[in-house]
2 protein chains.
Amino acid sequence: MGDMNTAPDPAAARHRWLTDEEQRIWRAYLHATTLLEDHLDRQLQRDAGMPHIYYGLLVSLAEAPRRRLRMTELAMKAKITRSRLSHAIARLEKNGWVRREDCPSDKRGQFAVLTDAGHEVLRRTAPGHVSAVRQALFDRLSPEQQKALGEIMEIVAEGLQPNEAGADLPWLR
Amino acid sequence: MGDMNTAPDPAAARHRWLTDEEQRIWRAYLHATTLLEDHLDRQLQRDAGMPHIYYGLLVSLAEAPRRRLRMTELAMKAKITRSRLSHAIARLEKNGWVRREDCPSDKRGQFAVLTDAGHEVLRRTAPGHVSAVRQALFDRLSPEQQKALGEIMEIVAEGLQPNEAGADLPWLR
DNA sequence: CCCGACTTGTTCAAGTTTCAAGGAGCTGCC
DNA sequence: GGCAGCTCCTTGAAACTTGAACAAGTCGGG
């Protein structure tokens with residue numbers, strides 16, 4: 001980008017660059033999402049002792065029936081690889097917030113189960129986290145902007161869904 | 001969140017939860033930004049051999065006068081800590097894409113300088129990266145949505161700027 | 001029943017990020 | 001001059017993420 005905009009390189013020649021306006025939008029996007037993620041990560045690290053994604057795992061478990069999910073299912077919900085989840089659950093287990101349980105119907109399977117301690121951490125920290133989100137995002141946007149944001153994000157997410165029409169590849173990647 | 005919505009806990013009582021609609025928007029946001037970041041990270045790792053943020057460092061350098069920036073300046077542009085940048089530049093240096101130079105006027109200072117090899121990597125991979133961004137984002141949004149996205153992201157970013165009114169703390173954190 | 005193909009979850013190694021600490025140089029004030 | 005308090009950047013260790021490889025279990029066809 002930038003000073004490469006004028007490159008006469010043939011490979012780039014048939015390539016459509018971003019307009020100035022698109023570039024402005026894209027940089028605003030990167031800037032804002034970076035800052036927001038850092039902000040929430042720090043807020044949760046400070047108040048709950050875990051990064052945002054780990055918090056999200058606990059939330060998913062809290063919402064699940066019997067507060068448990070199969071590893072793969074949880075990985076899909078959180079959009080992370082099974083490998084990453086495995087490590088994450090190991091850490092949360094060490095904290096006593098999650099416990100593993102064998103799946104009776106499939107001996108390969110494992111459930112991640114939210115413990116009472118895990119539930120308690122959520123109960124204690126959820127209000128602060130919601131406040132942080134509200135303060136950083138919703139409080140600053142008009143109702144129309146909120147609506148637009150939701151629509152835009154749904155479109156973008158849909159476009160990147162790994163399980164698009166006909167793609168019956170392994171769920172991620 | 002979720003099944004905690006009805007918690008009668010006094011600490012949470014004076015707390016405003018997210019409405020269903022807000023929650024829908026927030027989850028769409030998380031979902032989309034996660035997928036997009038992963039997507040671009042993988043695209044760049046595959047085609048350029050580096051994660052998105054490292055690519056961004058090279059772009060910043062390419063745009064700077066004499067293709068060089070002081071470490072702190074570059075860290076600010078990229079919104080990362082100096083420590084992280086230090087490690088990152090060390091890696092890019094190993095790749096031969098960046099080189100360090102002492103600052104003549106301040107002996108503490110270091111310049112990160114984009115090498116010819118670094119510039120070449122950018123030239124070769126920028127088109128593919130731009131395509132990926134366009135395909136995932138701009139091609140899917142109407143002009144109005146693009147405009148709205150830019151405005152929203154500018155608002156959010158502004159709200160999280162570390163250097164807000166009166167906050168003369170160290171630039172980040 | 002048995003085999004090949006697939007799924008599930010983990011592990012290992014390599015790479016990245018964070019956090020706290022520290023060395024070195026600058027700056028202003030006495 | 002000299003010294004306190006800053007800024008600049010790096011370092012090292014711990015935490016986290018990634019991708020590939022793997023053991024174990026399931027499944028369906030022959």
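This passage describes the fold of the two chains, the surroundings of selected elements and the relation between the copies, as found in a predicted model.

Chain A contains 7 helices and 3 strands. Read from the N terminus, the elements of chain A follow the order α-α-α-β-α-α-β-β-α-α. Of the 173 residues in chain A, 48% are buried.

The strands of chain A form an open sheet of 3 strands in the order β1-β3-β2, and the pairing is antiparallel. Strands β1 (68-70) and β2 (98-102) of chain A are the edge strands, each pairing on one side only. Neighbouring strands of this sheet are turned against each other by 30° on average, with direction ignored. Helix α3 (residues 52-63) of chain A packs on the sheet, where it touches β1, β2 and β3 of chain A. The direction of this helix makes about 95° with that of β3(A). Within the sheet, β2(A) and strand β3 (residues 110-114) of chain A are paired over 5 bridges in the antiparallel sense. In this pairing, A:V98 stands opposite A:L114 in β3(A). As background, the strands of a sheet pair through backbone hydrogen bonds, and the pairing can be either parallel or antiparallel. A further helix, α5 (residues 82-94) of chain A, lies across β2 and β3 of chain A and runs at about 115° to β2(A).

In chain B, 3 strands likewise form an open sheet with the order β1-β3-β2 and antiparallel pairing. The edge strands of this sheet are β1 and β2 of chain B, and each of them pairs on one side only. From one strand to the next, the twist averages 30°. Strands β1(B) and β3(B) run antiparallel and are joined by 3 bridges; B:L69 has B:A112 as its bridge partner in β3(B). Strands β2(B) and β3(B) also run antiparallel, joined by 5 bridges, and here the bridge partner of B:R99 in β3(B) is B:V113. Strand β3(B) is largely enclosed by the rest of the structure, because 4 of its 5 residues are buried. Helix α3(B) lies across β1, β2 and β3 of chain B, at about 95° to β3(B), while α5(B) lies across β2 and β3 of chain B, at about 115° to β2(B).

Helix α4 was examined in both chains. In chain B, α4 comprises residues 71-78, and B:M71, B:L74, B:A75 and B:A78 of this helix are buried. Viewed down the axis of α4(B), the buried residues fall within an arc of 100°, so they line one face of the helix. The elements that cover these buried residues include α3 (52-63), β1 (68-70), α5 (82-94), β2 (98-102) and β3 (110-114) of chain B. Just after α4(B), B:K79 adopts a positive phi of about 60°. In chain A, A:T72 lies in helix α4 (residues 71-78). With a relative accessibility of 32%, A:T72 counts as partly exposed, since that class lies between the limits of 20% for buried and 50% for exposed. Although A:T72 and A:G109 are 37 residues apart in sequence, their C-alpha atoms are 8.8 Å apart in space.

A disulfide is a covalent bond between the sulfur atoms of two cysteines. A search of the whole structure finds 0 disulfides over all chains.

How values were computed:
Residues numbered from 1 in each chain as written. Chains lettered and ligands numbered in written order. Predicted model: local features only at pLDDT ≥ 70, side-chain atom pairs only at ≥ 80, totals over all residues. Heavy atoms only, no water. Pairing = 2+ DSSP bridges. Helix = DSSP H or I, 4+ residues; strand = E, 2+ residues; numbered from the N terminus. Axes fitted to C-alpha atoms, helices over the stretch in contact; angles between N-to-C directions. Contact = heavy atoms within 4.5 Å. Buried < 20%, exposed > 50% of the residue type's maximum accessible area, 1.4 Å probe, protein only. Arc of directions from axis to C-beta. Disulfide = S-S within 2.5 Å.
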